[in-house]
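Student: I have not seen this structure before. Could you take me through it, one feature at a time?

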Amino acid sequence: MDPDIIIEELKKYIETNILSEEVRINADSNLQQAGIDSFSTVEIILFIERRFGVMIPDEKLVPENFRTLKALSLVVQEMLN
Amino acid sequence: MNTNYKASLPRKVYLSGADCFHLVLDKHARKHGAGGNVMRKVFYFNKALSADKVIAILQGSPVIYWLCNITLKPGNLFGIPYWKYSDMGRNILLHHHKEDIEKAIPQKILERDINVHAERFIEADLVSYPSGCCAFILSWNHILLDAKGTNLLFEHLDKMAANRETRLDTYFPAKQKGTGMLAYIRNMYKVKSFIQHSSRKPVSSIATVNCKSSAGIVKYRNIHFNSTESEKINSNAVQTGSRFGPTLFFIACCAKVIYHYNKKNNKKGDIWLPVPYDGRMKGATGPLISNCVSFLFYRLPESALTDIHLTVKSLSAQMTAQVKDNIPKRYSMFLNMMRHVPLWLYYFLISRTGEGTFASFLYTSTGDNFKELKSLFGEPLSGMALIPALTYPPGFTFVFMKHESGLSIEIAYSPEVIDWNDLLLIEQNLRDTLFFEY
């Protein structure tokens, strides 16, 4: 799957379900600074499982992989492959 | 700011589900003489503040003015309680104190009650110390503001000091959308089953219900960690499996300490712990007024408390399961529905489930809410502390707070539950657990 499509889907989910209307993000935004906390991270992981049908293994559950949408999309893409 | 805002402040603000829950907690606290549901935030400055400047900022704030001119209305039968604002011309008062011991908080402030019939729901104090430093203390009833709301209030005051624009429209809660009766009933059933299962006996509470706190004395102990110590704690959180922030590690450490304390005192049962969670959308700048918290409920059996890695793993699995089941949102909906229940019945239902015990102990965290708060009234802060209300039983609360790069823990306790020697033992165990080489 094209990483841009993954980024777009993640962005849409996070902006609609987690972030306040006044907070908008792009591929390089720092998600923690945007307000994403540990609880929200679990919500994102569960969304990835539902939407893309992949489980993120424990060793990939590190803060670096959840820093930006771009980093997260690379993990999803790797799992899809 | 001019005073034209007074006429445009909302005349009627309904209590949220979490506000009503705090109303019940207030009743509970008074019944057990634990000092009421009053929160206090302390800001330390390395210089004396001008009392005139502080009072001018406080009295110019529309939010503070609203808080000084409201009365609680219970609502009609099955009606939702609400705050009624009328311009009674009451301004906030700034009380002055002198304290001989640096950073100490006058007992008078700690003992001041702000109950639901109070004239003002917010009080301000300025404490001068011999070194020339001072502390500004704001006290309020928890029914009105939660941790995020408090942070928004202080940001608002700081903006006012700098004559920067503040957005009044985002400060008050928007009207909630109605929920269909069928959805309500389905949700009630699911939440009731979850809570009953989660809080089932045996629960190993730090205090027994029979031990009634008659004097209403609450004591506090602050533990502060510098930036190097805080980094070590954060690193331990990652080592033990708390991957996205240290919260689960903090909870695990507290649970472990209380487990060992209870074991020493032959109190058997699982640790049961409701942990508050901010229900606002992330990054939201409002509402400031009203509690928007929901809860996550954790239950830790002895088998999960023998090793901190196992405790974090168990907490993590329970958090994931609750996110999957949408428990915090469902619980918020449940609390919203409970607003229609008369207070006496609400109190009966809540206190009956856990036979008067609300948790094994209480854990709360201000999260990153105050981490970036560097100034107040335009003056740089040298430190801060949050003094929580104490729910009794359990009569023991840990509050974790981050400020800049340091972590601090405030412990609120009833001396009837834990004596000084036991408190020191708990503190040492907590330090050892936080700093262990994992």
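**Reading backbone and burial**

Tutor: The model is a predicted one. Start with accessibility: B:Asn163 counts as exposed, because its relative accessibility is 69% and the cut-off for exposed is over 50%.

Student: Where does B:Asn163 lie in chain B?

Tutor: B:Asn163 sits in the loop between α6 (147–161) and α7 of chain B. Its backbone has a positive phi of about 55°, although B:Asn163 is not a glycine.

Student: Which value does phi of B:Phe377 take, and is B:Phe377 buried or exposed?

Tutor: Phi of B:Phe377 is near 55°, again positive in a residue other than glycine. B:Phe377 belongs to the loop between β12 (375–376) and β13 (379–380) of chain B. With a relative accessible area of 1%, B:Phe377 is buried, because buried means under 20%.

Student: How should I read a helix?

Tutor: An α-helix has 3.6 residues a turn, so residues three or four places apart point the same way. Now take helix α9 of chain B, residues 247–264. This helix has 18 residues and reaches 26 Å from its first C-alpha to its last, close to the 26 Å expected at 1.5 Å a residue.

Student: How many of the 18 residues of α9(B) are buried?

Tutor: The number is 13, so α9(B) is largely enclosed by the rest of the structure. Just after α9(B) comes B:Asn266, with a positive phi of about 60°.

Student: What does omega tell me about the bond between B:Lys201 and B:Pro202?

Tutor: Omega is about 0° there, and the peptide bond joining B:Lys201 and B:Pro202 is cis. B:Pro202 is placed in the loop between α7 (181–198) and β8 (219–225) of chain B. The peptide bond from B:Gly286 to B:Pro287 is also cis, with omega near -5°. B:Pro287 is in the loop between β9 (271–278) and β10 (293–300) of chain B.

Student: Which residues is B:Ser408 in contact with, leaving aside its neighbours within four places in sequence?

Tutor: They are B:Asn222, B:Ile223, B:His224, B:Val399, B:Phe400 and B:Met401. B:Ser408 lies in strand β16 (residues 406–413) of chain B, and counts as buried at 7% relative accessibility.

Student: Which residues form a nonpolar patch on the surface?

Tutor: A:Met1, A:Ile5 and A:Leu80 do, with about 250 Å² of accessible area together. A:Leu80 is part of helix α4 (residues 69–80) of chain A. Its relative accessible area is 32%, so A:Leu80 is partly exposed.

Notes: Residues numbered from 1 in each chain as written. Chains lettered and ligands numbered in written order. Predicted model: local features only at pLDDT ≥ 70, side-chain atom pairs only at ≥ 80, totals over all residues. Heavy atoms only, no water. Patch = residues over 30% accessible without salt bridge, like charges linked within 9 Å, V, L, I, M, F, W, Y side chains within 5 Å. Areas by Shrake-Rupley, 256 points an atom, 1.4 Å probe, with all protein chains shown as cover. Salt bridge = Lys/Arg side-chain N within 4 Å of Asp/Glu carboxyl O. Helix = DSSP H or I, 4+ residues; strand = E, 2+ residues; numbered from the N terminus. Buried < 20%, exposed > 50% of the residue type's maximum accessible area, 1.4 Å probe, protein only. Expected span 1.5 Å × (residues − 1). Contact = heavy atoms within 4.5 Å.
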